[in-house]
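Work through the exercises below with the sequence and the coordinates open. Try each task before reading its solution.

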Amino acid sequence: MAAERQGGGGGRGAGAEENRDGRDGKDNKENKENERPAAPQPGGLGDSLGLEILQIVKESQQQHGLRHGDFQRYRGYCSRRLRRLRKTLNFKMGNRHKFTGKKVTEEILSDNRYLLLILMDAERAWSYAMQLKQEANTEPRKRFHLLSRLRKAVKHAEELERLCESNRVDAKTKLEAQAYMAYLTGMLRFEHQEWKAAMEAFNKCKTIYEKLANAFTEEQAVLYNQRVEEISPNIRYCAYNIGDQSAMNELMQMRLRSGGTEGLLAEKLEALITQTRAKQAATMSEVEWRGRTVPVKIDKVRIFLLGLADNEAAIAQAENEETKERLFESLLSECRDAIQAVREELKPDQKQREHSLENDSGKVSNIQYLHSYLTYIKLSTAIKRNESMAKSLQKALLQQQRSDEDGKRTPRPQDLIRLYDIILQNLVELTQLPGLEEDKNFQKEIGLKTLVYKAYRCFFIAQSYVLVKKWSEALVLYERVLKYAREVQSGAGAHRNSLKELPDVQDLITQVNAEKYSLQAAAILDANDPHESESPSQVKDGKPLSERFETFCLDPSLVSKQVNLVHFPPGFQPIPCKPLFFDLALNHVAFPPLEDKVEQKAKSGLTGYIKGIFGFKS
């Protein structure tokens, strides 16, 4: 068939999978895969054929690439398994010279592996369509090929359903074939944006799987329930596009509970949320912050500000830390995009902003103030995220103290110190935002928040010193924590509402007082504990072996590669200087007179010079 030719040699990807056949297609594994699938469950007809369609599909997908979203690898696996099945059943499509198409008919349906043959054909076409869907993000033309492969998968599913209508096939396999056919039909209609037909097909698939789940034990019903959960968001999305506005809220709740959508619906749901906010953004023209109203003309900023409240509510309703962290990252990413859009508007308006600064006596422009507002949202969100991470680490730290478990890396106070350092850095950036330098209330609030986080940072630094038994340093840091906490309590006053979201300082004071008493007791016990003092035989003073021959000392480094034998290079030692000799006799020596030599030299004039040139000498 055409699908067989395309899947078997469809590009380098499938050929590469053929080359890997030696790895995941060994002889014993091939024989096991090509054996007759499991017999039907008790309760079927005498010699009826049965095939666990959903179980086979799920196991094959999880073991051959779909756990990591590798559809190309799964397509190669389907091609290889098809070839092995045809060879085992002697159901070949001609020979190497000529292609002869064959179809599985009801007359030759004596083995359930014939049904498996058609199922693998459908899975191969479906996996190729999903591979093209990933590639269509950058190459839109591949969408046409995607729809062609999905139609081919539906055609194979129809053939499978038709064969399963035979009296030789048991009732369970018939229902699974109908559900499989409805699932692929729904996906094809979904891609064509035929929402009503897609919803009908998905509902049919959901109904069949729900009935199958109720008819069997809990262990057997797990796969059916998982499939129902997979297609439920698609049904809600189709209902929304048909006109059911309540489906949007259900989709958002599903997205929140699942920690993010996957597969066919992921990109469409995100696009739907963006479109909904874009419609609402058309009516938004300004935003008010700290007593100043600023017009908002950038569409991306409008969409972000409209979705800000929904994102914050979703973070507050998150059930676990992983979902909350993902939502924080999504909100920060959207905020960064909005800030970038504002920056692009700021660049061509640089001269106008400078002129407005001169005329307005230091008052920043509207676009600059909007940039400060978005930066404030970004930094505040980053602070909340780090604070959430710090709370989870504190809980893990308390659980670790209660039950000392070995194994994976346990949290330490140093991890919390790093988080509070980042928070304090974000607070410093908040005080430097343009347009807020003269806002005394804002600066006062940031100052109080800084004191709160400094107190917690000092507390965990003290905790780290306690772990290494540095009692005096820890005690000094505890006193610093109490100092910061009292400053917060005395300076809160009218700013108590802005401090409600921060950690309670009074709880910190109570905890520090308890820790101080425990620390003093531990210091006294440590000073009086004889087991803590090291014996002379175990003391290491850092001297090399050549300087402690007469002292016995257990030094494990002597049997290591870095043995401390001597000081090298050796140190400098003082030595006597080389003697200096001074020639004092030179001052008392009388040299012979040289007047006769000087006079003889004066007589030689031009004549002597000429004689010297021609070689005449006197």
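**Exercise 1. Which residues does R290 touch, not counting residues up to four places away in sequence?**

Solution. 
- Step 1: search for contacts, meaning heavy atoms within 4.5 Å. R290 touches Y369, L436, D439, N441, F442 and E445.
- Step 2: take D439 from that list. R290 and D439 are 149 residues apart in sequence, and their C-alpha atoms are 9.2 Å apart in space.
- Step 3: R290 sits in the loop between β1 (286–289) and β2 (292–295). Strands (E, at least two residues) and helices (H or I, at least four) are DSSP runs, numbered from the N terminus.
- Step 4: check the backbone. R290 is not a glycine, yet its phi is positive, about 55°.
- Step 5: classify the exposure. R290 counts as partly exposed because its relative accessibility is 33%. Buried means under 20% relative accessible area, exposed over 50%, and partly exposed in between (1.4 Å probe, protein chains only).

This is a predicted model: local features need pLDDT of at least 70, side-chain atom pairs count only at pLDDT 80 or more, and totals for chains, interfaces and linings use all residues. Residues are numbered from 1 along each chain as its sequence is written, and side-chain values use heavy atoms, with hydrogens and water left out.

**Exercise 2. Where does K469 lie, and what is its phi?**

Solution. 
- Step 1: K469 lies in the loop between α19 (440–467) and α20 (471–492).
- Step 2: its phi is positive, about 65°, although K469 is not a glycine.
- Step 3: K469 has 42% relative accessibility, so it counts as partly exposed.

**Exercise 3. How do the axes of helix α7 and helix α9 cross?**

Solution. 
- Step 1: Two packed helices are described by the angle between their axes and the distance between the axes.
- Step 2: The axes of α7 (residues 113–135) and α9 (residues 171–191) come within 13 Å and cross at roughly 25°.
- Step 3: that angle makes α7 roughly parallel to α9. Angles under 35 degrees count as roughly parallel, over 145 as roughly antiparallel, 65 to 115 as roughly perpendicular and the rest as oblique.
- Step 4: list the contact. α7 supplies L119, A122, E123, W126, M130 and K133. α9 supplies Y180, L184, M187 and E191.

**Exercise 4. Which residues of helix α5 are buried?**

Solution. 
- Step 1: in α5 (residues 53–63), the buried residues are I53, L54, I56, V57, K58, S60 and Q61.
- Step 2: their cover includes α6 (71–89), α7, α8 (142–164), α9, α10 (195–215) and α11 (218–242).
- Step 3: just after α5, G65 takes a positive phi of about 115°.

**Exercise 5. Where is P569, and what is the peptide bond from F568 to P569?**

Solution. 
- Step 1: P569 is in the loop between α21 (505–528) and α22 (595–603).
- Step 2: the bond from F568 to P569 is cis, with omega near -5°.

Terms used. Axes are lines fitted to C-alpha atoms, for helices over the stretch in contact, and angles run from 0 to 180 degrees between N-to-C directions.
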